[in-house]
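Biologist: Please take me through the cavities and the chain contacts, with the criterion behind each term.

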There are 2 protein chains.
Amino acid sequence: MTDTTIASHLVRRFRELGIDCGFGIVGDFALKMFSALDAEGFPILVTTDEQGAGFAADACARLKGFGVVAVTYGAGGLKVANAAANAWAEQVPMLILSGGPGVVERKGDPNLHHKVKDFGTQLRVFEELTCAQAVLTSGHTAADEIDRVLREIVSQQRPGYIEVPRDLIGIAIDPPDFGIEPDLPIVDEAALHAALAEVLIAMRESTRVAIHAGAMVNRRGVADALFSLATSAGIPVATSSLARGVFPERHELGIGMYLGALTPAPVRERVEGADLVLSLGVLQTDLTLGGFTADIDRRKAIWCSDTDVTVGYHTYKNVPLWAFLPALANAVFSESVALRPDPLPGHVDFTATNAELTVERTVDAVNGHVDERHGLILDPGEALFSSVDMRVPTWALGSAYYATMGYAVPAALGAGKADPERRPFVIVGDGAFVMTALEAASCAFHGVPAIILVLDNSGYGTQRPIVDGPFNDIAQMAPEKLVEVFGMGRGWKATTEVELDSALTEAIASNELCIIRAVLPKYGRSAALSRLGEALSAKA
Amino acid sequence: MTDTTIASHLVRRFRELGIDCGFGIVGDFALKMFSALDAEGFPILVTTDEQGAGFAADACARLKGFGVVAVTYGAGGLKVANAAANAWAEQVPMLILSGGPGVVERKGDPNLHHKVKDFGTQLRVFEELTCAQAVLTSGHTAADEIDRVLREIVSQQRPGYIEVPRDLIGIAIDPPDFGIEPDLPIVDEAALHAALAEVLIAMRESTRVAIHAGAMVNRRGVADALFSLATSAGIPVATSSLARGVFPERHELGIGMYLGALTPAPVRERVEGADLVLSLGVLQTDLTLGGFTADIDRRKAIWCSDTDVTVGYHTYKNVPLWAFLPALANAVFSESVALRPDPLPGHVDFTATNAELTVERTVDAVNGHVDERHGLILDPGEALFSSVDMRVPTWALGSAYYATMGYAVPAALGAGKADPERRPFVIVGDGAFVMTALEAASCAFHGVPAIILVLDNSGYGTQRPIVDGPFNDIAQMAPEKLVEVFGMGRGWKATTEVELDSALTEAIASNELCIIRAVLPKYGRSAALSRLGEALSAKA
């Protein structure tokens, strides 16, 4: 026998995967697990609701390559079904770690609280939402089962699920048979060389090349190769909404986010007007392509996915991004190609007037105030769309494809813990804010002095132009007064540019939780959404 | 062709089922559906988060026999997975009505936002959590599919799921082939008569009979028969934690809630010390039986379930509660049995002292203040357990078996709409409160002036005696200050009995949303939990 336990094995693996805390809410079926993880030096940081813990773990995983949300069974686990779905859709390597009734307790199928149809219900739900699952049943198989799920999470870059019956916590378990080295997408070396040769020729023949860089560059850990490729060849890089920060947007070659018709004209022209577009690890979805308005000519495009490289109309199978991008960067570096276009303006100073706020000017103000000390977190809707007019100084996270509202505030907790060098700066609409607003207190409670900017346009403003009705009106609140409820932090309400400018200045100078409400016109919209509207009208 | 649409058919059925509004949050895949339902005079009342809408619909269903939560696809639907699970476990007839991508949009499996693995993921998740499901696909089958799900919801008294692709809203649909009359559990008439005869003999031979009445009495609409049975025979009635209000607890025969070892001694003695216990429609679960501490001698018990009657050790199959209880009430009425014991004290006046608050005295205070104008909603944990020392004046709702924390505040919205004659009075722990606290604003926004009493014991107090650790400590807040964030309502912080008494007096006199924080000892516990602790120690 060994002195390895489920908790000690889990924590060993979590450390190997680079994290030192999880997020979650305890419950009686999970108490021993939380206590044992804590005793192993791996605390689970409490949030106000499980949903928030799920999003915090997701944000941690986006920045660190792995995250853990720990919950109790049923009433805990099923509250993170949506967070798991978000992680699946956006390829986030997150573990859902659930407590559960003991192996012995389950015998005879008694009606224990938190049970649904039977003790397998929760497992079957997560089979639909994760890439690998395990319900631990014995000390002999526990380590191998845990490792199988962790390996799949990292290999597939998707969420996974482990359920630990409470009577197994504390037992000695057999050591694992293998490590958790990921099975990366396989490489056809000959196809890789052929693809590389064709791509290099295409690049040499082009005078205007652009890169569209996506989330899989981050997920597969090849952002350095992207930087090397772009800088040695002087290629401008636009980022996908799921990958902001994969290339520094305030670098002279960083041109910001490309989001189809929502993109500002100069950036759009750099991408769509290029002779050759290298699309690197971009998840091809409606929202990340600006509602499928992205207009990149296939004949001039090279699509590198997690598994294949497609040049024009033909595909090199088993030429995965993780192998191809470093190979391409090396080849280009040795050739010293130098396209280097005129840089687009990056950071823009914001000069406040006494005018009432608009979304556009609010975004400009944030753009002018944030710097390398900040990481951005953008909630779906206007907060995310309008940020296409920003050059983010470091990274920016968001549920940019699955689009789950209420993501941003709790994600600030996970991001703040994952990257303590950056202070989370959240931009969130008022409708999304109230979904998870109290997680602002979780941020402060755990020492993350987030800045939260609430775009208050009196309801679900993004939807009003589609179909309006009473269902778009929500209970009005004064988010800036929440700091009084928390007994922590500072709050501001800004209706003019000057007020916002001043609030941003004070918030950035402060070390506390800061909540700023920007009061916006009910029927206003960002420059980005206006551009989208124009593009769709032109099509119709 | 007809002029029936999906929305008009749904609303026709919803009206037949007795409800005139639903609860939910819109999203682009659900906009047309929400708008069409609204146009048919069936508004969907917005909450701050989908979870809250799920619990509001659940509370509505408990009081009205049906409830609807309406959501958008994915990021909406999966947020109510836990609410659906709660409804399944506690047999609540609630419909999850989800918008979805159009039938045409789904072709070719494009990566549309809110999609998970494929367009069937959400359906498959709800197959695990509901009793019937339909994804509408055509106008020819829509009405019959809707009716099939609604019929199963009412027949089985479980949640169901309907998904409406957005391009079907507005099309003319074929009329339904049948109505939605429920298929009640079948009756073996001969067995029913035999069971009735044996039960009547057992009752005649007993001098001390007691009734334990459960949720299925409500669900099957036979509370009148229960009242007739109890009053004509003079039998004291204890209620299950899932069925409070099924018999009036302040009636001279109402003895309050029976919850195994948590029950106050006089009530427990009346139940466990009886010669004969009629257990009527009680869901037999760990929590509703006081952590399986209920000590009812099977030889002296008659168990009436939704399908069978069990006398001692033998079972009459297909003698369902809905048929048996009225038959028994009629038979007893014609015999005029009159056991009628001395009544137990019901309502107790509360006399406040200057002492600091305890859970026990807080419960006494509420017991002394509430009356027939109030309906109670009790969150799992201390709020629910400690209420075993109350006689609730009307009904009391709670997630008493599945035990999903954060249920009570949003449930107040649903309850307030379902029973406008009663003002919802919520009792909730501080840990559960922060999960859904902002739904207090949803209550006020929709004209439900709930009174919310937060039992603030600085974290997850119910768990501290089991295993304590930092995971039981939460971010402290001042719930009473939320009314300033909402710009609506009144708040109080009470640390002494006098302060609580005064706050309760003012809250009950007020017509606004009221939030009262009762500051309690961190390690205190209710009389009920102390009794449970003693019982478990005595066993060990």
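Modeller: The lining of the largest cavity divides into eight nonpolar, eight polar and four charged residues. This is a predicted model, where local features need pLDDT of at least 70 and side-chain atom pairs pLDDT 80 or more, while totals for chains, interfaces and linings use all residues. Residues are numbered from 1 along each chain, chains are lettered from A in the order written, and side-chain values use heavy atoms, without hydrogens and water.

Biologist: Why is the space called a cavity, and what is its volume?

Modeller: On a 1 Å grid over the protein atoms alone, a cavity is a set of points where a 1.4 Å probe fits but cannot get out, and lining residues have an atom within 4 Å of a point. Probe spheres set on points joined across faces, edges and corners fill the volume, here about 180 Å³. Of the 20 lining residues, Val434(A), Met435(A), Thr436(A), Met435(B) and Thr436(B) are the closest to the centre.

Biologist: What makes Arg124(A) and Glu128(B) a salt bridge?

Modeller: The term requires a side-chain nitrogen of Lys or Arg within 4 Å of a carboxyl oxygen of Asp or Glu. Arg124(A) and Glu128(B) have an N to O distance of 2.6 Å, so the pair meets the definition. Between chain A and chain B the count is two salt bridges.

Key
1 Å grid on protein atoms, 1.4 Å probe; cavity = no way out; pocket = protein on both sides within 12 Å on 5 of 7 lines; lining within 4 Å. Nonpolar A, V, L, I, M, F, W, Y, C, P; charged D, E, K, R; others polar.
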